[in-house]
Amino acid sequence: MPGSLNPTAMVRLLGPWNTGAAPAYRELADVVRLLVMDGRIPLDVALPSERALAVTLGVSRTTVTAAYASLREQGFLSGGQGSRGRTGIPHRTVPVSGPGLAVPDGILDLAYASLPATGEVVHRAFADALVDLPALLPSFGYDAVGLPPLREAIADRYTAAGIPTTAAQILVTSGAQHALNIILKTLAGRQQKVLVEHPSYPNALDAIRTSGSRTVPVPMPPAAEPTSGGDPASGGWDIEGMVAAMRHQRPAMAYLVPDFHNPTGRIMSNLQRRRLVREAAGTGTVLVVDETLRELNLDAVATSPLAAFSPAVVTIGSLSKSHWAGLRTGWIRAEEDLISRFVQTRTTMDLGGPVVEQLAAARLVRAFTEPLDARLEELRRNRETLLGLLAEHLPDWHVERPRGGLTAWCRLPTASSTALTVVAPDFGLRLAAGPRFGVGGAFEHFMRVPYTLAPAQLETAVLALRDAQARIDASPQLRRTLKAPKEAAAVA
């Protein structure tokens, strides 16, 4: 049953909260927010009354009243003034980067790493799809594998990239996340292990947890400089660590993002790809590769798709990053026997994707590179703008230069990522905290910053980040709250 937090226990959790860096009510509200976000004050617990907490803290009741009012306004506390409000989490922050969350007016969203549609190209593809639609209307409209024109177009792209592929090796899905869920349900399942890079894509980590599988994280080492030939030097991935984990932990599958890795922007060298595939072959671990960012190659780094080194590699692709996330079109490329298993799994989840979207996607895949030149040039400009702004306004942040993709991975001078995420809405930002990209609370020293906004918006965002960082620096208790050992709050 939900309990209540007594004043003495709450004061112990708050610690030396009043540093004088901001109005007392704001500092009190900030620390309580972090305690709720960090789980040290449980959800649906009644906080002490305003009077009782004021007496125990030795502050005016007005201070506590204002702090509680701020928490109610932000959604961290329920109930009206005078009642004992219960703790909660506002929808806009759980998860901070989760799907389907509306962005309040005036808030710049740095939680998502996604671009608007390649407008004219996507519009034209849908117009053409409507012309093609009448020929399919006499059918039932269910197709668990995907429309043949789209599967053939995808297969032809792989063949052109040096990986001979037939339409029978392609399963069309409703986006990359749908593809991963199908793969997890087929290959891993409950209590089986899934190897992941650490950090990794948050929605993939969520999918692995939801499937009941157990993650086997392998840390990524510091990035190495590119070699003189333009191929990234080894060092971006700990291949030895991955091989050791596959040999000793025996994961059912490994989920990898070797092409402009999310969140670091690194790209795995061909030497590393070849070694990884060779060593994985004898362990029974299926390599599952997410290539949704592969086409966003800002530095024109030449690498081969991982599937070029082994037919056993399972590849996830999507149009979400290259064209538009609203298309909800992805795919799986694998050997035919695995595709058959994936189809069987898919029919327990849905019976096929929307027909018009697939017709439009077939057009887009056939003319895949048409919008890319302009998109890549825009991203290069945005990347340089962001890196320059961070160097100027947040010089203590150490930023790993991304080779491609959509995001920069920044090391913060203090373990303040979650604290920044919590206070960011006060400065007009929505962020994804570093721990969203890891397991076990890792990456409090890190923040992922996308460069998907226009340069003027990026400048506004970085200036807001600077101001939010200044508040955190002036309120060390916000960081100490997060770094303190986890303990259950006392309830009465």
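1. Arg275 and Glu279 both belong to helix 10, where 4 residues, or about one turn of the helix, separate them. Their side chains meet in a salt bridge, with 3.5 Å from N to O. Please keep in mind throughout that this is a predicted model.

2. How exposed are the two partners? Arg275 has a relative accessibility of 23%, so Arg275 counts as partly exposed. Glu279 is buried, because its relative accessible area is 17% and the cut-off for buried is under 20%.

3. Arg275 has another partner to look at. Arg275 also forms a salt bridge with Glu240, and here the closest N and O atoms are 2.9 Å apart. Glu240 sits in helix 9 (residues 239–249) and Arg275 in helix 10 (residues 270–280), so this pair ties together parts that lie 35 residues apart in sequence.

4. How many salt bridges does the structure hold? The count is 27. One of them joins Arg346 and Asp350, whose closest N and O atoms are 2.5 Å apart. Arg346 is buried, at 1% relative accessibility, whereas Asp350 is partly exposed, at 22%.

5. Leu351 is found in the loop that runs between helix 11 (336–346) and helix 12 (355–366). With a relative accessibility of 46%, Leu351 counts as partly exposed.

6. Another loop residue to check is Phe309. Phe309 is placed between strand 6 (286–290) and strand 7 (314–318), in the loop that links them. Its relative accessible area is 23%, so Phe309 is partly exposed. Phe309 and Leu276 are 33 residues apart along the chain, and 9.5 Å separates their C-alpha atoms.

7. Helix 3 (residues 50–57) packs with helix 4 (residues 61–74) at an angle of about 125 degrees, and their axes are 8 Å apart. That angle makes helix 3 oblique to helix 4. Where helix 3 passes helix 4, the crossing is right-handed.

8. Finally, please look at a second pair of helices. Helix 13 (residues 372–393) and helix 15 (residues 455–474) pack with axes 10 Å apart, at an angle of about 25 degrees. Is helix 13 roughly parallel or roughly antiparallel to helix 15? Helix 13 is roughly parallel to helix 15, because angles under 35 degrees count as roughly parallel. The crossing of helix 13 and helix 15 is right-handed.

Notes
Residues numbered from 1 in each chain as written. Predicted model: local features only at pLDDT ≥ 70, side-chain atom pairs only at ≥ 80, totals over all residues. Heavy atoms only, no water. Helix = DSSP H or I, 4+ residues; strand = E, 2+ residues; numbered from the N terminus. Buried < 20%, exposed > 50% of the residue type's maximum accessible area, 1.4 Å probe, protein only. Axes fitted to C-alpha atoms, helices over the stretch in contact; angles between N-to-C directions. Parallel < 35°, antiparallel > 145°, perpendicular 65-115°, else oblique. Left-handed = near helix turned anticlockwise from the far one by under 90°. Salt bridge = Lys/Arg side-chain N within 4 Å of Asp/Glu carboxyl O.
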